[in-house]
Amino acid sequence: LPQALQLGTALVGSPTQDGIVSILTTAEGVDEPRMVRFPVPTPGSPLSPGQPRWANYVKGVIQQYPAGPLPGFNAVIASDVPLGGGLSSSASLEVATYTFLQQLCPDDGDLKAKALACQKAEHTFAGMPCGIMDQFISVMGKEGHALLIDCRSLETLLVPLSDTSLAVLITNSNVRHTLTGSEYPARRRQCEEAAAALGKASLRDATMAELEAARERLSEEGYRRARHVLGEIERTAQAAQALQAKDYRTFGKLMVESHNSLRDDYEVSCPELDELVAAALEVDGVYGSRMTGGGFGGCTVTLLEAGAAERAQQHIKAKYSGTATFYITKPSDGAKVLPL
């Protein structure tokens with residue numbers, strides 16, 4: 001149940017006649033070099049991942065782009081989405097790249113296919129077996145709405161979140177524990193193993209009762225990973241209902257339950273994120289708070305009364321042992337073409 005942020009990635013450029021792609025990034029914190037050049041892929045000469053890592057997201061999308069033939073082009077990337085903050089900087093770059101390619105050589109305009117091509121780029125070129133949520137919200141986000149995504153059927157439902165009395169506070173812990181890269185594939189594997197032990201193709205097909213009945217057949221760790229996933233599926237559906245009913249207290253309570261489950265059962269939180277969530281929950285006017293993204297650092301997201309936003313920032317700043325960065329945001333549109 002994500003929302004698109006007012007942060008973003010822009011790609012500006014123009015086609016060339018030489019069949020060469022030349023891209024410069026101005027984004028902070030990326031690996032060097034900041035400029036790459038490579039030939040447009042052909043069936044006999046596909047692109048392959050390499051260094052610098054940031055360019056793999058761009059190369060992956062070019063390789064997966066369904067329409068053609070693509071011309072060469074020169075482009076510059078600018079982004080204010082913090083890297084490694086759990087705010088989908090990689091999906092933002094992938095979807096911006098795809099949207100740019102659509103201007104050079106239009107595809108059929110299918111939004112789901114666009115998101116799936118960007119996800120495949122991340123799987124094949126960045127080596128991260130991510131889900132579909134980040135790409136879907138980057139493509140399909142709509143101002144004033146969250147997006148309920150069924151990750152199996154790929155059906156989506158826009159859920160209004162435009163109440164002017166509300167604010168969404170993103171707090172960046174500004175820590176990045178190096179575990180993130182290895183832990184996400186490990187969690188995915190543990191969930192697949194738990195599903196297999198339950199005789200299910202996916203944990204999506206299992207119930208909490210079935211999990212409890214099969215507890216003896218699972219490792220303690222596998223049981224807790226599965227309990228998180230099943231609980232989170234229930235919480236997501238309940239949260240969408242609460243949002244539609246403007247029941248922000250229930251929504252906030254579900255956020256906290258989600259964070260506790262991510263911390264205790266899925267074990268992807270860290271002391272800094274726990275500290276930020278605890279500090280936010282001490283503030284009057286805060287409905288709920290949780291970590292967001294892959295964990296082990298990055299950001300928390302807090303739903304609160306708009307009038308409490310300044311107070312919350314001051315309190316979190318005073319209580320947090322590190323140095324936090326804050327973004328007050330509201331649900332925004334996904335990728336779009338910007339006329340120059």
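Visitor: Where is E267 found?

Guide: E267 sits in the loop between α8 (248-264) and α9 (271-281). Keep in mind that this is a predicted model.

Visitor: How do I read the backbone there?

Guide: Start with the general idea. Most residues other than glycine have a negative phi, and most peptide bonds are trans. Now the case in hand. E267 is not glycine, yet its phi is positive, near 55°.

Visitor: Is E267 buried, partly exposed or exposed?

Guide: The cut-offs are under 20% relative accessible area for buried and over 50% for exposed. E267 has 33%, so it is partly exposed.

Visitor: Which loop holds F296, and what is its phi?

Guide: F296 lies in the loop between β8 (286-292) and β9 (297-305). Its phi is positive, near 60°. With a relative accessible area of 6%, F296 is buried.

Visitor: What about α7 itself: how does its span compare with the expected one?

Guide: Helix α7 covers residues 220-244, 25 residues in total. From first C-alpha to last it reaches 36 Å. That is close to the 36 Å expected at 1.5 Å a residue.

Visitor: Back to peptide bonds. Which bond at P52 is cis?

Guide: The one from Q51 to P52, with omega near -5°. P52 is in the loop between β3 and α1. Another cis bond joins G68 to P69, where omega is about -5°. P69 belongs to the loop between α1 and β4.

Visitor: How do I read a helix pair? Take α3 and α4.

Guide: Look at distance, then angle, then hand. The axes of α3 and α4 come within 9 Å and cross at roughly 140°. Angles over 145 degrees would count as roughly antiparallel. The two helices are therefore oblique to each other. Their crossing is right-handed. On the α3 side the contact is made by L111, K112, K114, A115, C118, Q119 and E122. On the α4 side it is made by Q135, F136, V139 and M140.

Visitor: Why does a helix face show such spacing?

Guide: An α-helix has 3.6 residues a turn, so residues three or four places apart point the same way.

Visitor: At what angle do α9 and α10 pack?

Guide: About 135°, with axes 9 Å apart. Helix α10 runs over residues 309-319. The pair is therefore oblique, and the crossing is right-handed. E275, L276, A279 and A280 of α9 meet H315, I316 and K319 of α10.

Visitor: What is I62 in contact with, beyond its neighbours within four places in sequence?

Guide: V21, F38, P41, L47, L70, F73 and L101.

Visitor: Last one. Where is S202, and how far is its C-alpha from that of Q313?

Guide: S202 is in the loop between α5 (180-197) and α6 (208-213). At 28% relative accessibility it counts as partly exposed. The C-alpha atoms of S202 and Q313 are separated by 40 Å. Along the chain, these residues are 111 apart.

Key
Residues numbered from 1 in each chain as written. Predicted model: local features only at pLDDT ≥ 70, side-chain atom pairs only at ≥ 80, totals over all residues. Heavy atoms only, no water. Contact = heavy atoms within 4.5 Å. Helix = DSSP H or I, 4+ residues; strand = E, 2+ residues; numbered from the N terminus. Expected span 1.5 Å × (residues − 1). Axes fitted to C-alpha atoms, helices over the stretch in contact; angles between N-to-C directions. Parallel < 35°, antiparallel > 145°, perpendicular 65-115°, else oblique. Left-handed = near helix turned anticlockwise from the far one by under 90°. Buried < 20%, exposed > 50% of the residue type's maximum accessible area, 1.4 Å probe, protein only.
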